[in-house]
Amino acid sequence: MKKIGNFSKFLMTIVVGIIALIAEFIFHQGKIAFWLILIIGGLTTISMFIAMIKTLKSGKYGVDILAITAIVATLFVGEYWASLVVLIMLTGGDSLEDYATKEAGRELSALLKNTPVTAHRISHEKMEDILAEKVQVGDLIIVKPGEVVPVDGHLEKGLGEVDESSLTGESRPVEKKIGDLIMSGSVNGDVALYLRVIKKASDSQYQTLVKLVKESKAKPAHFVRLADKYAVPFTIAAYLIGGVAWFVSKDPVRFAQVLVVASPCPLILAAPVALVAGMSRSSRHGIIVKTGTTLEKLAKGKTVAFDKTGTLTKGQLAMDKINLVNETFSKEKVLQYVASAEQNSTHILARSLVIAGQKQELTLLPVTHLKEITGQGIIGTIEGQTVKVGKKDFILKEPDKVKMENQTAVFVAINDTYVGYITFHDVIRKEARETITGLKELGVKNILMLTGDQEAIAKTIASEVGITQVHANCLPEEKISTLKNQPEDARPVIMVGDGVNDAPALAISDVGIAMGAHGDTAASESASAVILKDSLTPVKEAIKISQDTMRIARESVLIGLAICVVLMLIAATGAIPTLIGAALQEVVDTVSILSALRARKDRS
């Protein structure tokens, strides 16, 4: 049986209230009105009681117990109209809170949709297409150029490059040789690769990521919400005041009168309204916050962990330096020749060279006799010169003499004479350092970098943006372990990432923020918040907005509770009838809501 939602309960309460009003004041059927309100009040109370028991069993507490007592007390002493007003406020507040903390509900859809579903198996020297889940360990499969690798395997035939950025975060294409491991989820380059399968699809790297996200989502960290924080002391105060009033007056109605004005509408309404307002403000800044609880955690965030590629950097390799070994040709001419030769290639380095040439306003020249040597490089004739661009082994007769450390490069020869090489680097976001500085100013104590890239590269970029704690060469499991092992005084932990390899880390962190402008959809679906701009600045803005929102929410709750305490003390004397007390809750609600709506406005 489908569970009735809070909004449906709210509508049912309104409908019952209207029918009860018509029954008593038009048809003068007070008993019908009484029984209608008793039934809806009883059902709501039972539903809340069951939910409260489950909440208490989980070790948490909330505002339910005081609301239940208020409803039961007013029904018990016959003040059923007061009970109806409390019910409307209660179900309306729950409905609003559902809206404020509505889950996206599709955390795994993109990840599952992108899972490779077919594989090309070689059987008796013939290729057949089968479901990836049917592939067995020991099978020989072929991965065509541009395809996603369906299962883990060792390279048996074909020399080429694969893009592992979605798995490891390393932006550079990775060269694979015979015997090398190729992980599922990586994207093949421009050469067909033959793999000997070593794991079934269900045990391969990509499915491991899916499992990690599922496990992470199934084990959310315990978090005490703002409303729950004030619920216990306020409930105790209400019971004490009501109990003393009953004891002194010997009248149980006095207890009901106190509890009616003490019904926790400021707790039920003020915080959700502030959260909705804060979420609206966030969206204006290009930040989609999926739940109200996310705002609460962001406001208290003590640790922020960043992925490197695509997050702190743009995930694009840009030309770094042109290193010439002789002066036969100028750097500009070498770049012009290389960019011209690569202008029709789709390789990531080729695109970077063409962009570099365009930035220097170099004219791309026509190329004749263009020939591509699969997995090695290209040869073409430009202005009568034979230009070769490619790997070190392709260009140099004695490649071991040229030492390269942690650098991506292409080598160039003109007329069979080696002229030099061109290096590349990942582009750091210009706003990265400012964002890190801003986070520290907002009170974030620990800032980490978690990346699958090499340690030397990671530390270089970290030092440039102001991060001192670096965890490099991390697989997704290691990122999760690092986040899980953060001490309690370093929580909540916020993770910022963009790739499918970040999805499990985004899910396991207290708050996951995905770079959604150009990031992987799976990361966005697994995250608690998504940045729609291609910028890091909204990370700082999200925390600032959250802090403002929670400050205003706290002020609004306390204002409402203070008014309630004053009303409780007055009601304890018998000066406020039960129905009037329920009506006064509207005043308290209005004050709390108007105060909470301040969270919509930007502040300097």
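Colleague: Which elements do the buried residues of α17 pack against?

Modeller: They pack against α12 (308-312), β12, β17, α16 (432-441), β18 (446-450) and β19 (469-471). Packing here rests on contact, which means heavy atoms within 4.5 Å. Helices (H or I, at least four residues) and strands (E, at least two) are DSSP runs, numbered from the N terminus. A word on the source: this is a predicted model, where local features need pLDDT of at least 70 and side-chain atom pairs count only at pLDDT 80 or more, while totals for chains, interfaces and linings use all residues. Residues are numbered from 1 along each chain as its sequence is written, and side-chain values use heavy atoms, with hydrogens and water left out.

Colleague: What makes the buried residues of α17 lie on the same side?

Modeller: The residues are Ile457, Ala458, Ile461, Ala462 and Val465, in a helix spanning 455-465. They cover an arc of only 130 degrees around the axis, so they sit on the same side of α17. The arc is that of the directions from the helix axis to the C-beta atoms. After α17 comes glycine 466, with a positive phi near 95 degrees.

Colleague: Why is aspartate 139 called buried, and how is arginine 121 classed?

Modeller: Buried means under 20% relative accessible area, exposed over 50%, and partly exposed in between (1.4 Å probe, protein chains only). Aspartate 139 is at 17%, so it counts as buried. Arginine 121 has 21%, so it is partly exposed.

Colleague: How do you know that aspartate 139 and arginine 121 form a salt bridge?

Modeller: A salt bridge needs a side-chain nitrogen of Lys or Arg within 4 Å of a carboxyl oxygen of Asp or Glu. The N to O distance in this pair is 3.3 Å, so it meets that cut-off. The pair links distant parts of the chain: aspartate 139 is in the loop between β2 (126-131) and β3 (140-143), and arginine 121 is in strand β1 (residues 118-123). The structure holds 18 salt bridges.

Colleague: What separates lysine 459 and glutamate 455 in helix α17?

Modeller: About one helical turn, because they are 4 residues apart in that helix. An α-helix has 3.6 residues a turn, so residues three or four places apart point the same way. The closest N and O atoms of lysine 459 and glutamate 455 are 3.0 Å apart, and the two form a salt bridge. Lysine 459 is partly exposed at 44%, and glutamate 455 is partly exposed at 40%.

Colleague: Which parts does the pair of arginine 281 and aspartate 548 tie together?

Modeller: Arginine 281 lies in helix α10 (residues 265-284) and aspartate 548 in helix α21 (residues 537-571), so the pair ties together parts that are 267 residues apart in sequence. Their side chains meet at 3.2 Å, N to O. Arginine 281 has a relative accessible area of 3% and aspartate 548 is at 7%, so each is called buried.

Colleague: What makes β12 and β13 edge strands?

Modeller: The open sheet has 6 strands in the order β12-β17-β16-β15-β14-β13, with antiparallel pairing. β12 (313-324) and β13 (368-373) each pair on one side only. Two strands pair if DSSP finds at least two bridges between them. As an example, 6 bridges join β14 (residues 377-382) to β15 (residues 385-390), so these two strands meet the rule. Within that pair, isoleucine 378 stands opposite valine 389.
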